[in-house]
Amino acid sequence: MRLSTYIAKRAVYIIFSLIGLSILVFVLARVLPGDPARMAAGERAPEWVVEQLRKQLKLDRPLYEQYFYWVTNLLRGDLGYSIVSRRSVTVDVLEYLPASLELIGLAAIFQITGALILGAIAGYFSYKWPDNLLRIFSYIGVSIPAFVVGILLQLIFAWWLKIFPAQGVLSPGVSRPPRVTGMYTIDSLIAGRFDTFLDVLWHMVLPALALSIGSMMQDARIIRSGMVENKDKEYILLARSQGMPERLVMFKYLFKPSIIPAVTVMGLDAAALLANAFLVETVYYWPGFSKLGITLMLNKDLNAIVALVLVIGIIYAIANVIVDVIVAYLDPRIRFVETGE
Amino acid sequence: MKILINRSAITKIQAAVIAIIILVAVVVGVYFYITTQGPQPGPGPTPTPTARVVRVGNAWPIYLDPAVGQDFASQRAQVNVYDPLVWPEPNGTISPWVAESWSISANGLVYTFKIRQGIKFHTGRILTAYDVAFSMNRCLTIGVGYGGFLWSPFVQSAYAINNTHVQFTLKKTFGPFLASLIRLFIVDRQEIMAHIKTPGPYGDFGDYATDWMLTHDAGSGPYKVKEIKLQDYVHVEKFEDYWAGGFAENAPTEVIFLPTAPIPSTQRTMMLLKQLEVSDQWQSQEWLDDMDAQPGISKKSQPCAAEYYYMLNTKRPPLDDVHVRKALAYCFDYETAMETIYPRFTQARSCLPMSLPGAIDCQIYSYNLTKATEELQKSKYAANISEYTIEFHVMPEVPERMRDAMLLASEAAKIGINIQLVSTPWLQYIEIMSNPDTCPHITCMAISAYFPDAAFMLYTKYHSSSAGHVDQGEWLLDPTLDAMIEDALGTLEESARLQKVAQIQEYIMEICPTIFIYDWYIVEAVQDYVYIPSFEDPSQAIPVEGYSTICRTWSVTPP
């Protein structure tokens, strides 16, 4: 199968997955306890106000009709009205998502590079002290929730050592660059303000690190396992017996095939960073989409919850395709297996 | 092979040297970058460099629109940006503010207010009686804020007679009407009309500019909006043309309300790094004590007309029997609770907080297991009380409350009453309380007075029209009590109204629908370089939600 056909096929799968996800979340959000109209109107609001809101939000209609309205609006780019922010959810998504994306972008870089380096070291020195050390840190990294790591990093690097800021995006005296993409880093570069760019990066280090450590450790372990498994394979022995330089054996013949299983996990882990960012963004006061998500969920903001899950779903699906393509590229057998060639 | 190895070794050394040089350069660069930064950065907007800034912890959402926001977080910001029609004094009386004077018709149905001349909105326009009438009508139409539950049952119409006089006509006599107007914040009519979006849910008024008001203000208060970033901050700056003055010598020139509530450790770090001057009021005793132990930070408190209740569902057996309810009231170890869990609050003495004018000390229950047993024996459930499991639902969002609930459960067990504690999230709480059959045996809630009037607090807490709301988990539906409350509400003369309020308090204490735990205080951690008069001298505190934060009276002298 050609790579382009393969990608097209995956894209069709995504559309069906997202339709299924939207129905599921739409229904789930509506069976959660709490009357959204009452929440929007306030606990003491008289019944006529609640009813008025219920009609306005079309919550008085049957569920299938509500879904139909929602999908119709979605196709027009309107994700519905948020009862918490009291404006279109689309505006909220456009306002807060870019800041989250740049944070998880840096976290993904930390996660992937960290996992590759640590995994390679542990795999190369398997059953020696670097491997044992990594194993201990892996267990710790995987088992501690990201927001706890966030608090620990904040305590050590912001409070004790005072080398990174505790919260926020910009330092006092540094004004926000003119909004173009909504990403502080990109907007700083567009505005030609390199000092602002560095300032934002400086603020991003701790939350990005907190977000990435868990998946970084997990991915490193997978890479390490792959390397240990491949290390004793015959083609490696052959390469070594032919006197190939160790660096060549290591990176070309051992490392590359060993990371294929990890690539799938790394890609999905990177996408999952957005969902994991809920509490990390709150701890670091990062003005992103995930921090907003907590408030929306606590207030049963139906449209916003559906939009939130859908956005995470879309990012996940895109990551999935990218991962599939990379894996198919790295290992063409996968493409052929799909078609039985 | 040897040559290869040698070549490789040379390359490695070169690579290592280059790597070390780069690393050193990066470390040195980062070091200089960091050390040349100013004070510790903080979240939120960037204040003007010369400004005296106060950053105040708050919850989110903050709805600055007076026709929408009615919660503590919103009111705290509103009182600094808008002017109310009348002003509440610390002793509970009402003073002129935007209204210079007023008259009330003999039948108590028509209120005419003379509007103060020369008040400027932040836009520079002059505030008139037309703005006042418009503000009331906007609240009544939108309905989600105070307009809906506070004024729509009572206010027939609001119209401006001319530029200086506005008239409100009531549907029925409402004694506390004047006091309720501390919640009527005046908006700039022309500014609102210039920003309405049509079509909208309010007919000719479109969306009544509710969308625009999310991020802008239309007020005349001591501070004006500089920037609002939803979920992040509300940043306000001093309004130089403020008509009432009253700014302290070192009053903050900028105030930033930051949503800080969810993570205590984050707020702690912000306080320690001096990124936050005043904490929010939702932190635990341990957190506040910890802050108080830090140099340069103190724990401060001021009274607030709010009380924490155990609401007993009087429609569910065995709590439909007054003697079982009284037995529970005698089971609670008030002193231990106050000493060990809530030393920052004071024990409740009535069904009304004592800081509310008209509250009388009528507490007749104390921890006494002998009396509790006697009461239980008088009940129709004496023989089979062990067959009942009383469900006590506690919100996990406030962990401290589980501790006092456990205290009640353990003491009740000593006289054979089985209490089961159930953790119920806030959203579910609201839903289950809306029906007497699903409303748990016991629910707990801190409830505050919306304005300084005891009769109205009794109305929102115990009148049948409140049943089903979170204010009333008792489901009393008591016609006698309803009549008493309505009578008090309809009484114009204040001393007569307060006399009736006193009788109602004694009546409620006798039928024991509620266990009264403590009177709420606003307790916050404050940096020592911020002076807040209402914290230093409680006699200056206005014990009404929002009015605890009058920023223009504060002084800031950063070290």
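A quick note before you start: residues count from 1 along each chain as its sequence is written, while chains get letters from A and ligands get numbers from 1 in the order in which they are written. Since this is a predicted model, local features need pLDDT of at least 70 and side-chain atom pairs count only at pLDDT 80 or more, but totals for chains, interfaces and linings use all residues.

**View 1. Chain A is built with helices and zero strands.** You can count 15 helices here; helices are DSSP runs of H or I with at least four residues, strands are runs of E with at least two, and both are numbered from the N terminus. The C-alpha trace spans about 85 × 55 × 40 Å along its principal axes. Of the 341 residues in chain A, 42% are buried (20 or more other C-beta atoms within 10 Å of a residue's own; exposed is 12 or fewer, partly exposed is in between, and C-beta atoms are placed from the backbone). Take the contacts between residues at least 6 apart in sequence: 74% of them join residues at least 24 apart. A contact needs C-beta atoms, placed from the backbone, within 7 Å.

**View 2. Domain 1 and domain 2 of chain A touch each other.** Domain 1 covers 1-84 + 299-341, and domain 2 covers 97-291; such bounds come from an automatic or database domain assignment. Their C-alpha centres sit 28 Å apart. Twelve residues of domain 1 meet ten residues of domain 2. On the domain 1 side, that's ten nonpolar, one polar and one charged (Ala, Val, Leu, Ile, Met, Phe, Trp, Tyr, Cys and Pro count as nonpolar, Asp, Glu, Lys and Arg as charged, and the others, Gly among them, as polar).

**View 3. Chain B meets chain A.** Each chain puts in 41 residues. On the chain B side, α1 (2-35), α4 (146-151), α7 (264-272) and α13 (426-433) each supply at least two residues. The largest share, five residues, comes from α7(B). This side of chain B splits into 21 nonpolar, 17 polar and three charged residues.

**View 4. Tyr518(B) sits in strand β16 of chain B.** That strand runs over residues 514-527. Why does Tyr518(B) count as buried? Because 23 other C-beta atoms lie within 10 Å. Skip its neighbours within four places in sequence, and Tyr518(B) is in contact with Tyr308(B), Met338(B), Tyr342(B), Phe345(B), Thr346(B), Gln347(B) and Ala348(B). Phe134(B) is 384 residues from Tyr518(B) in sequence and 40 Å from it in space, C-alpha to C-alpha.

Methods: Two residues are in contact if their C-beta atoms, placed from the backbone, lie within 7 Å.
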